[in-house]
Amino acid sequence: NASRFVMMNLTIDEYALPEADQLEREDKWVLSKLNTLVKEVTENLDSYEIGVASAKVYDFLWDTYCDWYIELTKTRLNGGDEGKKIAAQNVLCHVLVELLKLLHPFMPFITEEIFQALPKKAGGEKEAFLMCASWPEYQEARRFPEEEAAMEAVMDTIKAVRARRAEMNVPPSRKAEMLIVTATPEIYAQGLHFIQRL
């Protein structure tokens, strides 16, 4: 379903990860989380901790990619800024392909099928088959600890508001006023559109 959503929203024939200065905070957050996942899953597989590795990929796919990142990109995918739309598509596609590579040892056939339907990486050698693709590698340049922490703070706020609304049986259609008291207002100011929408 995640792959179907991504493919339905792609207008690109090839994907390439944008430069760091063209990435939004949520892009840096997901790339940083993916980078950590690659490192951990590789270490787990090297230590034959196959169950732990598969659980980490599963959790990332469901929680980080589907529940959060896809939702966070919907505004850009449906917005009028073409540059932001293309950047979101490139990051969505890049993360999905890297996830397919991590999933391939556990689910070889479905991951290969999905990989064949996705755009291929721009430049360099084309990877005809997922089974022949190089394994993802941890890259220090894809570590964005500040953006990751800022995004997590905004997400924690959204989770807390949702939990409180559920506890108090507030219907989803009802708007609520919210006051955030913080020593770092810029974090929430930059994430305000996510808090309002989600």
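Predicted model: local features only at pLDDT ≥ 70, side-chain atom pairs only at ≥ 80, totals over all residues.
## A guided tour of the model

Residues are numbered from 1 along each chain as its sequence is written, and side-chain values use heavy atoms, with hydrogens and water left out.

**Overall dimensions.** Show the C-alpha atoms: along the principal axes they fill a box of roughly 55 × 40 × 30 Å.

**The core.** Colour by burial, and 41% of the 198 residues come up as buried (under 20% relative accessible area; exposed is over 50%, partly exposed in between, with a 1.4 Å probe and protein chains only). Now select Trp29, Val30, Leu34, Phe60, Tyr65, Val95 and Leu99, the residues with the most contacts inside the largest nonpolar core, which has 51 residues. Such a core is a set of buried Ala, Val, Leu, Ile, Met, Phe, Trp, Tyr and Cys residues joined through side-chain atoms within 4.5 Å. The largest share of this core, eleven residues, comes from α4.

Zoom in on Tyr65. Leaving aside neighbours within four places in sequence, Tyr65 is in contact with Ala2, Val6, Phe60, Ile70, Leu92, Val95, Leu96 and Leu99.

Stay on α4 and pick Glu98. Is Glu98 buried or exposed? Glu98 is buried, with a relative accessible area of 10%, and touches Leu34 and Pro136, not counting residues up to four places away in sequence.

Select Val161, Arg165, Ala176, Ile195 and Gln196, which lie nearest the centre of the largest pocket among its 21 lining residues. A pocket here is an open set of points on a 1 Å grid over the protein atoms alone where a 1.4 Å probe fits, with protein on both sides within 12 Å along at least five of seven lines; lining residues have an atom within 4 Å of a point. The space in this pocket is about 710 Å³, and α6 gives the most to the lining, with six residues.

The second largest pocket holds about 370 Å³. Of its 18 lining residues, Asn1, Ala2, Leu61, Leu103 and Met107 are the closest to the centre. Here α3 gives the most, with six residues.

**Two loop residues.** Finish with the backbone. Most residues other than glycine have a negative phi. Tyr48, in the loop between α2 and α3, has a positive phi near 60° and is exposed at 71% relative accessibility. Asn169, in the loop between α6 and α7, has a positive phi near 55° and is exposed, with a relative accessible area of 66%.

Methods
Points joined across faces, edges and corners; volume = space filled by probe spheres on them. Helix = DSSP H or I, 4+ residues; strand = E, 2+ residues; numbered from the N terminus. Contact = heavy atoms within 4.5 Å.
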